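Here's a quick briefing to read alongside the model. Have the sequence and the 3D view open as you go.

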Amino acid sequence: MNAEELCPCGGFAAETSYARCCAPFVDDGEPAPTCEQLMRSRYTAFARRDADHLWRTWHPRTRPEQIADLEGVTWLGLEVLGTEAGGPDDSEGTVDFAAHFRTDAGKRGAVREHSRFARRAGRWFYVDGDELA
Ligand SMILES: [Zn+2]
């Protein structure tokens, strides 16, 4: 991916390039300052099929043994619908989002989730989520 390309997450500050948006978290493992940025970086990791970033940002209490197969789906875009807490001074936060996808078989859909995040040792982790109605 060209470093100047638009970030798959759409950009934290809309239309930010990948290099200036999610790359420090996904490629370099830097801690995301807010849970929204962590959530965006995880969406970007799904889009880039980067299982390592998904695994290391999943809370040890809830993460799977192994990240499921990331093939077969193209992620088309992310909408952040709302956030609660999750800032640099918080220890918990939530993000509501819709992530749009298309399967290789041509089916389109969206994952809509209320995701919970927790911070430990200065890093945000994805804990779990509920499907949004
Ligand atoms: Zn991004």
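This is a predicted model: local features need pLDDT of at least 70, side-chain atom pairs count only at pLDDT 80 or more; totals for chains, interfaces and linings use all residues.

Residues are numbered from 1 along each chain as its sequence is written, and side-chain values use heavy atoms, with hydrogens and water left out.

**Zinc site**

- Four protein atoms hold the zinc ion at 2.2 to 2.4 Å: the SG atoms of Cys-7, Cys-9, Cys-21 and Cys-22. Donors here are N, O and S atoms within 2.8 Å of the metal (3.2 Å for Na, K and Ca), and since water is not among the atoms, sites may look incomplete.
- The angles among the four donor atoms run from 101 to 116°, and the site is tetrahedral (four donors get that label if all angles lie between 85 and 135 degrees).
- For reference, the ideal angle for four tetrahedral donors is 109.5 degrees.
- Along the chain, the donors follow the spacing C-x1-C-x11-C-C. Cys-7 and Cys-21 are 14 residues apart, both in the segment before helix H1 (23–26); helices (H or I, at least four residues) and strands (E, at least two) are DSSP runs, numbered from the N terminus.

**The sheet**

- Four strands make an open sheet in the order S1-S2-S3-S4, with antiparallel pairing (a pair needs at least two DSSP bridges between the strands).
- Strand S1 (73–85) and strand S4 (123–131) are the edges, each pairing on one side only. From one strand to the next, the twist averages 30° (axes are lines fitted to C-alpha atoms, for helices over the stretch in contact, with angles from 0 to 180 degrees between N-to-C directions).
- S1 and S2 share 11 bridges, and in that pairing Leu-78 sits opposite Ala-99, while Gly-77 faces His-100. Their hairpin has six residues between the strands, with Gly-86 at a positive phi near 80°.
- S2 and S3 are also joined by 11 bridges, with Glu-92 opposite Ala-118. Four residues separate them in the hairpin, and Gly-106 in the turn has a positive phi of about 100°.
- Eight bridges link S3 to S4, where Ser-115 stands opposite Gly-129.

**Helix and core**

- Helix H2 (residues 35–48) lies across S1, S2, S3 and S4, at about 170° to S1.
- The largest nonpolar core has 25 residues, and Cys-9, Cys-22, Met-39, Leu-78 and Phe-117 touch the most other members. Such a core is a set of buried Ala, Val, Leu, Ile, Met, Phe, Trp, Tyr and Cys residues joined through side-chain atoms within 4.5 Å.
- H2 gives the most to this core, with five residues.
- Beyond four places in sequence, Phe-117 touches residues including Leu-38, Met-39, Val-95, Trp-124 and Val-127 (contact means heavy atoms within 4.5 Å).

**Arg-120**

- Arg-120 belongs to strand S3 (residues 108–120) and is partly exposed, at 44% relative accessibility.
- Leaving out neighbours within four places in sequence, Arg-120 contacts His-59, Pro-60 and Phe-125.

Terms used. Four donors count as tetrahedral if all angles lie between 85 and 135 degrees; four count as square planar and six as octahedral if opposite donors are over 155 degrees apart and all others between 65 and 115; anything else is irregular. Buried means under 20% relative accessible area, exposed over 50%, partly exposed in between (1.4 Å probe, protein chains only).
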